[in-house]
Amino acid sequence: EAYQDAADGNKWKIRIKKAGMVNLTANQVGDASYEPAADVVFSLMINKKPVNISLLGTPAISKVYDGNTNATISAANLAFATGDVISGDQLNIALSNHAASYGTADAGTAKAVTVPLANISLSGTSLTNYSLANTLDVTANVGEITKLAITGISFVNASFPYDATSKSLAITGTLPAGAMVNYIGNGQTDAGSYTVTANISGGINYQNQSLTAQLTINKAQITGISFADGVFDYNGTAKSLAITGTLPAGATVSYVGNGQSDAGTYTVTATINGGANYQDQTLTAQLIINKAQITGISFAGGSFVYDGTAKSLAITGTLPAGTTVTYTGNAQINAGTYTVTAKINGGTTYEDQTLTAMLSINKALITGINLADANFSYDGTAKSLAISGTLPAGATVTFTGNNNTNAGVYLVTATMNGGSNY
């Protein structure tokens, strides 16, 4: 259509409204000075406007890694180049198939996505005025393949008994191609509880994972150790018990109740500290120190003559420290034979003893007594003799042949009974 362009000095111009062949007729009317000009016809071919289509990343062209290059797009992912479509025209992009393809199957961002040109067409009321300028499939680095989560992998706790060898945990399940695992905290030897981390590197196509599990090494039981009772004879030196067998490295033993000197029965406790890798143990045993036999002691009989004082026996030899002796039957005064018992109390460290001996006190001779002859003149009275001197206590005298009256010579006998002691 013809129009005057006010912005260009009201020049007459022609506005082309669609593509195709157009015949333009120039008509010049005459005026007072000129005759009208003959019409001039011009043929004008108006070609369709080529439009370029490009691929956009909005909305996102994305999928999770699945091992193939298949992609899916929508018409909204395709756009005309800026200015290619005249304002007011209605021109759309149509897809016959939403399939596209990634350049590679691997996960990544800004990946090449290609839409087959055969799948792209134009539509809209202005379609007759436009043509598709693209001659090749439409490609742009606008795709994304996200990494796939690894499944079927587990990492569980485990316990082991300590045996001085290295212990480790491992994942179970099969890692996909390209994935690998490394461990932090494995290779433990000593008893304890350790956190082990399995760091799985998913490589190009799989998500990384970090798994944790507890590696427990339990303390081992100490074997081959015994703690037996012991019996000793008292000799004044300290006695102790000790475990038999070899403690493993790092284990120690301490004793309570050892170092006894006196006779007796003692409970000794051996406390084994297993250190880092072995279980503690507590063992008990009896430490017996028997009382010793007292030697070098004798208890001999003794004989005495009665003299009115107490007589006693005593042991000979030196009693060891802590022992005592008591006597039964000692301190006798009167003549006779007595059994004396010496009871030796051995105290805490020696055996008791009982010894016996005979204590004899012989009767004494009576001295200082005389029986002298005597002469009397007959006078018709009885005549007698008497002893001179003092009889000791308990002694008596009887006479035979005394109390004579008639004249004559008589034998008088004085019989002294010494009693119990003479």
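**Pockets and strand pairing in a predicted model**

The lining of the second largest pocket divides into five nonpolar, two polar and four charged residues. The structure is a predicted model. This second largest pocket has a volume of about 190 Å³. Its lining is made up of Ile16, Lys17, Lys18, Ala19, Ile46, Asn47, Lys49, Ile86, Asp89, Asn129 and Tyr130.

The largest pocket has a volume of about 440 Å³. It is lined by 20 residues. Of these, Ala374, Phe376, Gly408, Val409 and Tyr410 are the closest to its centre. By class, ten of the lining residues are nonpolar, eight are polar and two are charged.

Strand pairing was examined next. Strands of a sheet pair through backbone hydrogen bonds, in either a parallel or an antiparallel sense. Both senses occur around strand 15, which spans residues 138-146. Strand 7 (residues 61-64) runs parallel to strand 15, and four bridges join the two. Within this pair, Ile61 lies opposite Gly143 of strand 15. Strand 12 (residues 108-115) pairs with strand 15 in the antiparallel sense. Six bridges connect strand 12 and strand 15. Here Gly108 faces Ile145 of strand 15.

The partner of strand 20 is strand 23, which covers residues 281-290. Strand 20 and strand 23 run parallel and are joined by four bridges.

A single residue was then considered in its surroundings. Thr341 is part of strand 26, which covers residues 336-345. Is Thr341 buried or exposed? Its relative accessibility is 16%. The cut-off for a buried residue is under 20%, so Thr341 counts as buried. Thr341 also has contacts beyond its neighbours within four places in sequence. The residues it touches are Phe299, Thr326, Tyr327, Thr328, Thr354, Leu355 and Thr356.

Definitions and conventions: Residues numbered from 1 in each chain as written. Predicted model: local features only at pLDDT ≥ 70, side-chain atom pairs only at ≥ 80, totals over all residues. Heavy atoms only, no water. Pairing = 2+ DSSP bridges. 1 Å grid on protein atoms, 1.4 Å probe; cavity = no way out; pocket = protein on both sides within 12 Å on 5 of 7 lines; lining within 4 Å. Points joined across faces, edges and corners; volume = space filled by probe spheres on them. Nonpolar A, V, L, I, M, F, W, Y, C, P; charged D, E, K, R; others polar. Buried < 20%, exposed > 50% of the residue type's maximum accessible area, 1.4 Å probe, protein only. Contact = heavy atoms within 4.5 Å.
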